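Colleague: I would like to go through this model feature by feature. Please give the general idea each time, then the case at hand.

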Amino acid sequence: MFAVIKTGGKQYKVAKDDIIVVEKLDAEEGKAVTFGDVLMHGADGDVKVGAPMVDGASVTGEIIEQRKGDKVIVFKKKRRQNYRRKRGHRQLETVVRITGIEG
């Protein structure tokens, strides 16, 4: 059984016991979270595609960890002007274990 969910402006194909890294969710570690935006849901050749969402389908998960992602370097330069700027950024992210798919 699998589902395609939408969270944080991105889409993820998930199955039971998968571990995914998504944009930061407002909840503590160990809490349950429900994803209601299910775009596709299927098992063994029986696939339901939403228009745009599948009615009555939801995906539940458990938050494992809240963390910062890898550093991304932002470097700007204008040639012959002695202009250089170097900045780093670490995006906040949440690690979620999928515990169930309903619908």
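Colleague: Is Lys-24 buried, partly exposed or exposed?

Modeller: This is a predicted model. The class follows from relative accessible area, with buried meaning under 20% and exposed over 50%. Lys-24 has a relative accessible area of 41%, so Lys-24 is partly exposed.

Colleague: With which residue does Lys-24 form a salt bridge?

Modeller: The general idea is that side chains of opposite charge can pair when their charged atoms come close. Here Lys-24 forms a salt bridge with Asp-26, and the closest N and O atoms are 3.6 Å apart. Asp-26 counts as exposed because its relative accessibility is 77%.

Colleague: How many salt bridges does a search of the whole structure find?

Modeller: Such a search finds five salt bridges. One of them joins the side chains of Arg-67 and Glu-65, at 3.9 Å from N to O. Arg-67, with a relative accessible area of 33%, is partly exposed. Glu-65 is also classed as partly exposed, at 32%.

Colleague: Which residue forms a salt bridge with Arg-67 at 2.7 Å between the closest N and O atoms?

Modeller: That residue is Glu-93. This pair links distant parts of the chain, since Glu-93 lies in strand S8 and Arg-67 in strand S7, 26 residues apart. Glu-93 is buried, because its relative accessible area is 16% and the limit for buried is under 20%. Through shared partners, salt bridges join Glu-65, Arg-67 and Glu-93 into one network.

Colleague: What is the strand order in the open sheet that holds S7 and S8?

Modeller: To read a sheet, take the order of its strands and then the sense of their pairing. The open sheet has four strands in the order S3-S8-S7-S4, and the pairing is antiparallel. S3 and S4 are the edge strands, each pairing on one side only. From one strand to the next, the twist averages 45°.

Colleague: Over how many bridges do S3 and S8 pair?

Modeller: S3 and S8 pair over five bridges, in the antiparallel sense.

Colleague: Which residues touch the most other members of the largest nonpolar core?

Modeller: In soluble globular proteins, nonpolar side chains tend to be buried together. In this model the largest nonpolar core has 17 residues, and those touching the most other members are Ile-5, Val-14, Ile-20, Phe-35, Val-59, Val-96 and Ile-98. At least two core residues come from each of strand S1 (2-7), strand S2 (10-15), strand S3 (19-23), strand S4 (32-35), S7 and strand S8 (83-102). S8 supplies the largest share, three residues.

Colleague: What is Ile-98 in contact with, beyond its neighbours within four places in sequence?

Modeller: Ile-98 is in contact with Val-14, Ala-15, Lys-16, Asp-17, Asp-18, Ile-20, Phe-35, Val-59, Thr-60 and Gly-61. Of these partners, Val-14, Ile-20, Phe-35 and Val-59 are also among the core members named above.

Colleague: Where is Val-74 placed, and what does Val-74 touch?

Modeller: Val-74 is in strand S7, which covers residues 58-78. Val-74 counts as partly exposed because its relative accessibility is 38%. Apart from residues up to four places away in sequence, Val-74 touches Arg-85, Lys-86 and Arg-87. Gly-9 is 65 residues from Val-74 in sequence, and their C-alpha atoms are 22 Å apart in space.

Definitions and conventions:
Residues are numbered from 1 along each chain as its sequence is written. This is a predicted model: local features need pLDDT of at least 70, side-chain atom pairs count only at pLDDT 80 or more; totals for chains, interfaces and linings use all residues. Side-chain values use heavy atoms; hydrogens and water are left out. Buried means under 20% relative accessible area, exposed over 50%, partly exposed in between (1.4 Å probe, protein chains only). Contact means heavy atoms within 4.5 Å. A nonpolar core is a set of buried Ala, Val, Leu, Ile, Met, Phe, Trp, Tyr and Cys residues joined through side-chain atoms within 4.5 Å. Two strands pair if DSSP finds at least two bridges between them. Axes are lines fitted to C-alpha atoms, for helices over the stretch in contact, and angles run from 0 to 180 degrees between N-to-C directions. A salt bridge is a side-chain nitrogen of Lys or Arg within 4 Å of a carboxyl oxygen of Asp or Glu.
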